[in-house]
Amino acid sequence: MSAPLVNELMNNAIVIAKPKDIISKVISDMRDHRVWVVPVINDNGKLVGVLSYRELLERRVSLRSKVSSAMSPPYSISQDSDLTRAMGKILILRVRALPVVDSSMNLVGILTREKVLRYLLDSRLLPRVNISSVMSKPAITIEADEAVARAKWLMIRHGITRLPVLESSKLYGIVSMRDIVERLYYASIPRRSRRGDVVGTEDDILAAPVKAVATTPVITISDNNDIYTAVNVMLDNGISGMPVISGDSVVGVLSSYDVIKTAIKPYEEIPIEAKLADVDENTKSLIEKVITNYVAKINRMTNVIDLKINIKKYEKGGEEKRSKFSVHIMLKDNVNVYAVNEVDWDPVNAVRYAFETLIRRIEREINRVRDTRRRGKMRGGPPTGE
């Protein structure tokens with residue numbers, strides 16, 4: 001694929017934050033401008049972090065907190081990179097947008113999935129395939145009467161941003177990460193209640209049935225449509241994904257991530273060596289999905305150079321024989337090598353526990369380096385450069 005450079009397709013960043021900005025103001029701007037990803041810059045215009053609905057849902061900090069308490073470490077793409085490389089990075093990081101920087105890490109713009117889709121569509125670079133072969137399946141759904149808290153849990157657990165909402169086995173609506181975050185963060189703000197609004201404390205909102213916050217009616221697409229039709233529907237309606245319907249049933253979910261994945265293999269794949277134990281195909285599929293989601297999260301935190309995963313199965317002795325699963329992960333980044341081991345009766349949970357342990361260790365190292373630099377600056381006095 002002969003692709004344009006990122007600086008030819010990027011947009012100006014409409015919403016930009018500083019580390020000391022208050023989260024409530026940034027969320028308000030995100031809501032007003034329908035922005036999912038906010039670059040965080042310092043006083044010199046250099047990218048120092050990223051804030052998105054994903055971080056806000058997972059970390060759940062106070063409205064009065066500073067952006068620095070919720071932002072992730074900075075991820076970006078160079079303005080001189082080509083679109084092929086940018087698409088690969090979008091897939092690896094599983095993000096809605098990439099901050100664009102120059103050679104000095106100064107923020108110069110932002111590249112969104114929507115802009116990538118528009119280019120692929122207009123340039124006729126999408127494969128002529130049926131969406132049933134592209135969509136994520138089976139669809140992870142939630143019942144209309146289940147609590148908002150469960151919807152939040154499902155999104156975090158599976159690394160997804162939207163859930164089709166079912167009532168009597170039929171599609172009722174859809175709930176997104178944005179829907180939950182905005183209601184949670186505005187729970188403590190006195191405001192005039194509109195008809196249908198869920199108001200009250202954070203606990204009230206989390207306990208409310210998910211249909212109270214779901215969007216209806218839902219934009220859907222039939223599974224017998226092709227990818228060009230689907231992308232046109234997404235771009236025309238300003239959405240990044242939708243349920244796929246066959247008859248009255250939800251058979252999958254199609255997102256802009258799925259579309260980009262069909263158009264290109266990642267430019268810079270993380271070398272993952274995974275040895276899975278003797279598990280059935282459904283369990284193997286779940287394990288692979290868990291690994292993909294956690295690797296994306298880790299690569300938003302640090303630059304992964306090498307990753308090895310080994311899952312072993314062994315029998316526990318005694319009258320009741322049950323299989324336990326041991327998970328060993330070795331990860332290497334630019335500076336450190338991390339190794340973790342976890343054991344559980346369930347192989348999927350064992351993988352999750354191992355990755356959660358790994359993420360905590362990486363976070364501790366990031367915080368340690370940040371504190372060391374901060375102390376160094378304090379001892380050295382105010383900076384004199386730039």
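**Note on strands and a charged patch**

1. Ser 222 stands opposite Ile 245 in S10. The model is a predicted one. The pairing belongs to strand S9 (residues 221–222), which runs parallel to S10 and is joined to S10 by two bridges.

2. On S10 there is also a pairing with strand S11 (residues 249–255), this time antiparallel and over six bridges. Within it, Gly 241 stands opposite Ser 255 in S11. S10 and S11 form a hairpin with two residues between the strands, and in this hairpin Gly 247 has a positive phi near 65 degrees.

3. Is S10 enclosed or open to the outside? Strand S10 covers residues 241–246, and five of these six residues are buried, so the strand is largely enclosed by the rest of the structure.

4. Another sheet to look at is open and has three strands in the order S6-S7-S8, with mixed pairing. Strand S6 (142–143) and strand S8 (170–176) are at its edges; each has a single partner strand, so one side of each lacks a neighbour in the sheet. Strand S7 (residues 162–167) runs antiparallel to S8, with six bridges joining them. Arg 162, for example, stands opposite Ser 176 in S8.

5. In general, strands of a sheet pair through backbone hydrogen bonds, in either a parallel or an antiparallel way.

6. Which residues gather in a patch of negative charge on the surface? They are Asp 278, Asp 280, Glu 281 and Glu 288. Asp 280 lies in the loop between strand S12 (272–275) and helix H11 (281–299).

How values were computed:
Residues numbered from 1 in each chain as written. Predicted model: local features only at pLDDT ≥ 70, side-chain atom pairs only at ≥ 80, totals over all residues. Heavy atoms only, no water. Patch = residues over 30% accessible without salt bridge, like charges linked within 9 Å, V, L, I, M, F, W, Y side chains within 5 Å. Areas by Shrake-Rupley, 256 points an atom, 1.4 Å probe, with all protein chains shown as cover. Salt bridge = Lys/Arg side-chain N within 4 Å of Asp/Glu carboxyl O. Lys, Arg positive; Asp, Glu negative; His and termini not counted. Charge placed at Lys NZ, Arg CZ, Asp CG, Glu CD. Helix = DSSP H or I, 4+ residues; strand = E, 2+ residues; numbered from the N terminus. Buried < 20%, exposed > 50% of the residue type's maximum accessible area, 1.4 Å probe, protein only. Pairing = 2+ DSSP bridges.
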